[in-house]
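Welcome! Take a look at the model below, and then we will walk through some of its aromatic rings and one of its sheets.

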Amino acid sequence: MSRHIVTGLDIGTATIRVAVCEYKKGSNLPRVLALVKKNSRGLKRGYIWQFDEVVETIKTAVAEAERQSGLRLKRVFTSIGGISLESRVAYGQVAPSRIDSEITVFDIDRAIDASEAALPENKNKSIIHRIPLGFKLDGRKVLGRAEGLKGTKLEARTLFILYSTQHLNDLMNAIESAGLQVEDVLAAPLAASFSTLTKLQKTSGCILANIGAQTTTTVVFEESIPISLQIFPIGSTDITNDIAIGLQVDIGDAEAIKIGHKSADVPRRKLEEIIEARLSDIFELIDNHLKKLGFGGLLPAGIIISGGGAKVENIDNLAKKYLKLPARTADEAIIGSSRNQIKDAVWAIAYGLCLFGADAEAEESLGLRVVRKTKLQFMRWLKELLP
């Protein structure tokens, strides 16, 4: 009997992570077969600068994952991040195609297409995800499914997640050059949401912030649907650099001090001031973004922090202070999801890709099932770009 194996490949600026999971019939949660972390080479702020170095690092990480799992890995689910990842909301409307005015799946897809056509010109950008946020029929909000209702005008409000076409092409080329086939691509914040957020948190309203090495990625959920995705060009490496300069210590010692693995030979208050100064910059950016969306201090499930930056001591209390929201790190959620096999929020994206790749309901939870054909067309388009 063939085994159901799913591999998640998280290519970050500082680290490349590979998670290999096996799903067995009758079990809702996977068994983790391999977790591999390798220092990234050839990347800057999520972009490929030295192609050959990136390919070699991917090969090395996958080879180690194969050794740990005892499997030959050929297909992966991968994530995309970096400062060019962005989201936009657009509106479109159509008339029903049936003579009896009943709304069909075809009409829903046409309405989403119409909202895509209404997007401003997107030179050098590719649409990664189209996520329906809501529909109106004859000016009234549709509660539940629009399919099967009758009316004269269907309006769609759609979230589009976009990424640099050039960087996306480079990433796909690097993965293919490492001897792997990409099953699907998922925006990094959405991947992390599968391993860190509960249904209750998504339904109540929350923001997931993944603090990486050089960027902080955020996704806001309301009524179980991601309504906004934002990337900020600041990350945990900036905190490390501030500690190194402020305390005049080696960069390696600064990293250990940041996550509490080494004591600083200075008053603790000084260290806290250095860390808080940089974190306040991150939380100010997040707070301003939430206020633009109308959610400043108004997300019942608060902020959940993942990524390497989640290791910073007292970060949850600082988040509460600046955002006026409930705050927690993602470690506990990941531990619960994986039967204590994963104990660190830095695995949120790689493990989340495994959950997404194996769960047929994952697409539906993001509102993606209705536009599933978009994914197939997108992957076909990517393959046409590759040499």
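Let's begin with a cluster: F77, F194 and F356 are linked by ring pairs. Rings of Phe, Tyr and Trp (its six-membered ring) pair if their centres lie within 6.5 Å; planes under 30 degrees apart count as stacked, over 60 as edge-to-face and the rest as tilted. This is a predicted model, where local features need pLDDT of at least 70, side-chain atom pairs count only at pLDDT 80 or more, and totals for chains, interfaces and linings use all residues. Residues are numbered from 1 along each chain as its sequence is written, and side-chain values use heavy atoms, with hydrogens and water left out.

| Pair | Centre distance | Plane angle | Type |
|---|---|---|---|
| F77 and F356 | 6.3 Å | 85° | edge-to-face |
| F194 and F356 | 5.4 Å | 45° | tilted |

F77 lies in strand β6 and F356 in helix α11, so their pair ties together parts 279 residues apart in sequence. (Helices, H or I of at least four residues, and strands, E of at least two, are DSSP runs numbered from the N terminus.) Both F77 and F356 are buried, meaning under 20% relative accessible area with a 1.4 Å probe, protein chains only. F194 also counts as buried, at 13%. K202 lies over the face of F194, 5.1 Å from the ring centre; for this, NZ of Lys or CZ of Arg must be within 6 Å of the ring centre and within 35 degrees of the ring normal.

Now for the sheet. Four strands form an open sheet in the order β7-β10-β8-β9, with antiparallel pairing; two strands pair if DSSP finds at least two bridges between them. β7 and β9 each have a single partner strand, so one side of each lacks a neighbour in the sheet.

How values were computed. Buried means under 20% relative accessible area, exposed over 50%, partly exposed in between (1.4 Å probe, protein chains only).
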